[in-house]
Amino acid sequence: MKDVSIKTKLLFLVILSIFIVSATLITSSIIFINHISELNIVKHEKESYKTKELELKDHVQSVINAINGISNNPTFASLDEKQNIAKDVVKNMTYGKDGYFWINDSNHVVVMHAVKPEINGKNMYESKDPNGVMIYQEIVKVANANVDGGLVKYGWSKPVRLMVFNQSFLM
């Protein structure tokens with residue numbers, strides 16, 4: 001390094017400084033872009049969940065309206081008849097590509113399940129998703145916590161994250 005001129009040494013220092021500043025700027029930019037991307041993903045996810053929640057709430061309200069119509073209809077002879085008709089109506093209601101409804105009571109017993117009739121009458125208190133969410137416990141808790149119902153997110157047998165909007169209803 002003794003044989004190198006001062007001009008070369010200064011040039012080397014300038015180039016090294018430019019390289020260090022450039023590397024720092026690039027690294028900072030990458031970190032900042034990643035941070036902004038993560039924030040955008042979180043924001044988009046929240047907005048998507050909110051949109052889905054509103055859609056599900058509207059669908060559930062349609063079911064509640066149908067049940068109210070049955071419940072308030074004086075032509076049905078008994079509460080049993082009203083409940084049976086309501087179960088049949090709800091069983092045949094769908095939304096979207098593969099959306100369906102079910103009815104469970106506040107004791108975690110499935111009253112009517114449109115897709116899995118084999119669980120009708122079963123207590124699902126211990127039912128949990130692959131992530132450990134106690135599905136029916138959460139559904140009942142959320143339905144009882146707010147008169148307008150609420151959203152429960154859980155995993156299902158498909159590799160999908162599901163959401164249910166539920167609402168408490170007395171006939």
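Predicted model: local features only at pLDDT ≥ 70, side-chain atom pairs only at ≥ 80, totals over all residues.
**Stop 1: helix H2**

Select residues 79-91, which form helix H2. This helix has 13 residues and spans 18 Å from its first C-alpha to its last, close to the 18 Å expected at 1.5 Å a residue. Now pick out Lys82, Ala86 and Val90, the buried residues of H2. Viewed down the helix axis, they fall within an arc of 60°, so they line one face of H2.

**Stop 2**

Select Ile6, Leu10, Phe12, Leu13, Leu16, Phe19 and Ile20 and show their surface. Together they make a nonpolar surface patch of about 730 Å². One of them, leucine 16, lies in helix H1. Leucine 16 is partly exposed, and its relative accessible area is 34%.

**Stop 2: helix H3**

Move to residues 135-145, helix H3. Color Ile135, Tyr136, Ile139, Val140, Val142 and Ala143, the buried residues of this helix. They cover an arc of only 165° around the axis, which puts them on the same side of H3. Then turn the view to the other side of H3, where Lys141 and Ala145 are exposed.

Terms used:
Residues numbered from 1 in each chain as written. Heavy atoms only, no water. Buried < 20%, exposed > 50% of the residue type's maximum accessible area, 1.4 Å probe, protein only. Helix = DSSP H or I, 4+ residues; strand = E, 2+ residues; numbered from the N terminus. Arc of directions from axis to C-beta. Expected span 1.5 Å × (residues − 1). Patch = residues over 30% accessible without salt bridge, like charges linked within 9 Å, V, L, I, M, F, W, Y side chains within 5 Å. Areas by Shrake-Rupley, 256 points an atom, 1.4 Å probe, with all protein chains shown as cover. Salt bridge = Lys/Arg side-chain N within 4 Å of Asp/Glu carboxyl O.
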